[in-house]
Amino acid sequence: MTSSELWTRATADRYDAEETEMSSAAVLGPTLAFLADLAGDGRALEFAIGTGRVGVPLRERGVPVAGIELSEHMAAVLRRKIDEDTLPVTIGDMATTVVPGEFALVYLVYNTITNLLTQDEQVACFRNAARHLAPGGRFVIELGVPPLRFLPPGQVAVPFDVSERHLGFDTFDLVEQILVSHHFTRDDDGDAAADDLRYRRENSRHRYAWPAELDLMAQIAGLKKERRVADWDGTPFTQDSAKHISVWRKPA
């Protein structure tokens, strides 16, 4: 097993409810259009498919999709939505698990490559993507740009969400390229008095990587960069972009 942290049953069961924005038509529409265009008439493989936020609607658009997922609990939530014959999922880690056949597209969304906590494992993930790709196939990653520009000397944390029901901030180990995302999520029905609010505290560890570092990983895996944009709508990527969608291609 890789260093990725396993999602528990409780976390998996509430995942979809806590990610409603990421499952909205405004977010998913451009995502699905981008991926479907790259898949064409071929098959797609999603690394870390989770509860099927992207994989299930992509399959419903007519793209044959398979998935790899480390957490049996996350895969069980996906299985409530779609059957195994329609969208097969293999339990295993995305750096080493192999599924049968070749794919026109392998994709990894929503910062999930950072769940691999070492550079060696992230390189292995690129190699595993290349292993599954047919000649001419593409590997796509969605990843945030490390927000170190917001971390002046002496500051130890960067907030990424401050809302009524959730407080989130990242702390950084700049030597090991590890960030820890801290979440304080309101755990009541919204009617509690101000002095009776309950918050659930969770955290997760991630290894952040820069776009240029990912390009080198792709080169090691025998893939060539095809394009990099700032979002699924194709906005140009600049030094001020908060995230990127990167596409590498396996030579034909």
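Leaving out neighbours within four places in sequence, aspartate 16 is in contact with Thr51, Val77 and Lys81. Contact means heavy atoms within 4.5 Å. Aspartate 16 is found in helix α1. The model is predicted: local features need pLDDT of at least 70, side-chain atom pairs count only at pLDDT 80 or more, and totals for chains, interfaces and linings use all residues. Residues are numbered from 1 along each chain as its sequence is written, and side-chain values use heavy atoms, with hydrogens and water left out.

**Helix α1 and its partner**

Helices (H or I, at least four residues) and strands (E, at least two) are DSSP runs, numbered from the N terminus. Helix α1 covers residues 9-18, and helix α4 covers residues 72-79. The two pack at an angle of about 40°, with their axes 8 Å apart. Axes here are lines fitted to C-alpha atoms, for helices over the stretch in contact, and angles run from 0 to 180 degrees between N-to-C directions.

α1 passes α4 in a right-handed crossing. A crossing is right-handed if the near helix is turned clockwise from the far one by less than a right angle, and left-handed if anticlockwise. On the α1 side, Arg9, Ala12, Asp13, Tyr15 and Asp16 take part; they meet His73, Met74 and Val77 in α4. By class, this contact has 4 nonpolar, 1 polar and 3 charged residues. Ala, Val, Leu, Ile, Met, Phe, Trp, Tyr, Cys and Pro count as nonpolar, Asp, Glu, Lys and Arg as charged, and the others, Gly among them, as polar.

Alanine 10 also lies in helix α1. Aspartate 16 and glycine 50 are 34 residues apart in sequence and 10.0 Å apart in space, C-alpha to C-alpha.

**Accessibility**

Buried means under 20% relative accessible area, exposed over 50%, and partly exposed in between (1.4 Å probe, protein chains only).

| Residue | Relative accessibility | Class |
|---|---|---|
| Alanine 10 | 43% | partly exposed |
| Aspartate 16 | 25% | partly exposed |
| Alanine 48 | 23% | partly exposed |
| Glycine 55 | 0% | buried |
| Tyrosine 110 | 28% | partly exposed |

**Glycine 55**

Glycine 55 sits in helix α3. Residues up to four places away in sequence aside, glycine 55 touches Glu46, Ile49, Val65, Leu87 and Tyr107. The C-alpha atoms of glycine 55 and valine 65 are separated by 6.5 Å, at 10 residues apart along the chain.

**Positive phi in two loops**

Alanine 48 has a positive phi of about 55°, although it is not a glycine. This alanine 48 lies in the loop between β1 (44-47) and α3 (55-60). Tyrosine 110, not a glycine either, has a positive phi of about 55°. Tyrosine 110 is in the loop between β4 (103-108) and α5 (119-132).

**The second largest pocket**

The second largest pocket has a volume of about 160 Å³. Its lining holds 15 residues, of which Arg43, Val65, Ala66, Pro88 and Phe103 lie nearest its centre. On a 1 Å grid over the protein atoms alone, a pocket is an open set of points where a 1.4 Å probe fits, with protein on both sides within 12 Å along at least five of seven lines; lining residues have an atom within 4 Å of a point. Grid points are joined across faces, edges and corners, and a volume is the space filled by probe spheres set on the points.

β2 (65-69) and β3 (89-91) each supply at least two residues of this lining. The largest share, 3 residues, comes from β2. By class, the lining has 9 nonpolar, 3 polar and 3 charged residues.
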